[in-house]
Amino acid sequence: MKSIRQLTQERPWFAWMLFFTTMLVVFLLGLLASSIMERRAEAVYAYKPKVEISDFESRNFVWGENFPTEYESYLKTSDTTFKSLYNGSGLRDMLAEDPKLVILWNGYAFSKDYNQPRGHYYAVTDVRNTLRTGAPMNDTAGPQPGTCWSCKSPDVPRLMNIMPIAEFYHFKWGKLGSEVVNPIGCLNCHDPKTLNLRITQPALLEAFERQKINVKKFTQLDMRTLVCAQCHVEYYFKGDGKYLTFPWDHGNSVDSIEKYYDSYGFTDWVHGWSKTPMLKAQHPDYEMFKTSIHYQRGVACADCHMPYKSAGGVKFTDHHVQSPLNNIANSCQVCHRDDEETLRNTVYDRQRKVLENRDKTEDVICKAHWDAKIAWEAGATESEMKPVLQLIRQAQWRWDFVAAGHGNSFHAPVECLRILGNAINKAQDARLLILKILAKHNYTKEIVYPDYSSKEKAQKLIGVDLDKLKNSKKEFLDKKIPEWIKNAEIREKTYPVKRL
């Protein structure tokens with residue numbers, strides 16, 4: 001057998017092959033060593049707790065003592081300065097920006113007050129301050145059920161551990177105000193012992209159970225979407241107990257969910273003009289995301305809204321939950337090689353096309369509501385109006401399914417345009433039927449539409465007294481906030497942090 005020296009002398013190329021093979025092995029060993037060192041650093045970081053975190057510790061700052069890097073990034077959700085072309089993280093009065101919303105929600109609480117949602121940091125603050133909660137003052141606990149707190153705080157899974165879930169939902173919203181004080185945070189998504197992602201929202205688990213889906217088979221990648229799907233979904237309060245329910249028994253699409261509601265004869269409210277039994281979409285982000293190309297390619301919510309980053313040689317998930325447009329380098333450009341301006345303009349182009357059709361849809365549905373009002377006044381009967389009201393209900397449900405989602409126009413622009421196209425058709429069909437009904441009742445006048453070009457004009461048209469609402473809300477908060485703060489402070493002293 002020839003020695004290596006002899007082989008290299010006879011075949012010079014063998015020496016080069018040996019050299020590059022050695023370099024490759026050394027490189028791979030270096031990568032292995034680096035990975036080992038990184039994992040050791042992560043192990044030291046993760047398993048040197050400063051305080052004990054109990055099974056239902058809802059205070060985010062306590063978790064922050066053990067996980068300062070993640071907590072520091074989480075606190076950045078308090079920053080409301082970011083603004084994109086159409087959205088942002090600041091407090092914006094959406095009724096002032098789009099007064100047609102007041103008309104569309106005539107008779108429903110959203111016609112009183114509807115602001116663009118801010119970051120998770122403000123979840124408790126904003127639901128306390130909105131005019132949709134806590135008034136009128138004839139019920140000092142607030143007329144809303146405890147269900148309204150469900151997606152606002154890690155105090156919710158804590159409370160559901162010490163009281164029956166159904167009882168929590170049925171509790172008065174105001175009576176839980178001193179208990180629900182911490183904004184959306186660590187306990188909502190993480191197991192305190194293992195730090196694994198977990199589902200803490202019973203409604204999601206119950207929805208999967210009804211669909212015969214085994215949650216134990218979900219992967220870590222699945223969970224990086226499902227912890228968001230606990231709240232960023234369509235839902236309703238079922239029955240007198242106001243039990244939080246996800247209407248997915250027939251599927252997740254706008255048509256399947258409508259079929260579910262129709263099978264129950266469910267109605268959120270009756271419209272003040274058209275007398276239509278209406279549905280109010282909440283924020284079906286997960287349902288629409290499932291139709292997106294990103295979902296089909298295995299991208300999770302957290303990949304874009306909470307991308308990985310490194311600090312001190314440790315890789316961690318950035319808990320500054322925000323729009324990817326404020327973090328394009330770490331979100332979009334991980335996969336896409338276009339420059340930031342190109343990627344940003346791609347998003348805006350999708351949003352622009354959807355919003356153009358959304359605005360047209362709002363206009364035709366508002367007119368349909370007014371047309372129906374004229375028809376009732378002209379003497380239309382319930383049997384005549386039944387198909388009209390069904391079309392209006394279907395049209396507005398579809399519009400709202402698109403409009404209520406925080407990122408639908410980017411996540412699923414094709415599905416958004418399909419849904420809005422159907423909504424326009426149904427609203428126009430309703431208006432054509434109304435014209436036939438008016439003709440039958442010898443109504444030949446031209447229909448003149450009222451001026452709802454501003455929030456003030458629109459609210460006056462439907463009988464909303466904003467000053468009265470604000471005074472009632474202030475009276476409610478002046479009475480409840482001191483009580484909530486006092487009780488919360490007492491509870492904080494009752495549960496001291498155990499240091500290790």
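Me: Does Lys242 count as buried, exposed or partly exposed, and at what relative accessibility?

Reply: This is a predicted model, in which local features need pLDDT of at least 70, side-chain atom pairs count only at pLDDT 80 or more, and totals for chains, interfaces and linings use all residues. Residues are numbered from 1 along each chain as its sequence is written, and side-chain values use heavy atoms, without hydrogens or water. Buried means under 20% relative accessible area, exposed over 50%, and partly exposed in between (1.4 Å probe, protein chains only). At 35% relative accessibility, Lys242 therefore counts as partly exposed.

Me: Where does Lys242 lie, and what is its phi?

Reply: Strands (E, at least two residues) and helices (H or I, at least four) are DSSP runs, numbered from the N terminus. Lys242 sits in the loop between β1 (236-238) and β2 (243-245). Its phi is positive, about 55°, although Lys242 is not a glycine. Lys275, in the loop between β3 (269-270) and β4 (277-278), has a positive phi of about 65° and is not a glycine either. With a relative accessible area of 46%, Lys275 is partly exposed.

Me: Which members of the largest nonpolar core touch the most other members?

Reply: In soluble globular proteins, nonpolar side chains tend to be buried together. A nonpolar core is a set of buried Ala, Val, Leu, Ile, Met, Phe, Trp, Tyr and Cys residues joined through side-chain atoms within 4.5 Å. The largest has 92 residues, of which Trp105, Trp149, Phe168, Phe246, Trp248 and Met385 touch the most other members. Apart from this core lies another, of seven residues, among them Phe82 and Leu325.

Me: Which residues does Trp149 touch?

Reply: Contact means heavy atoms within 4.5 Å. Not counting residues up to four places away in sequence, the contacts of Trp149 include Val124, Arg128, Phe168, Trp173 and Val180.
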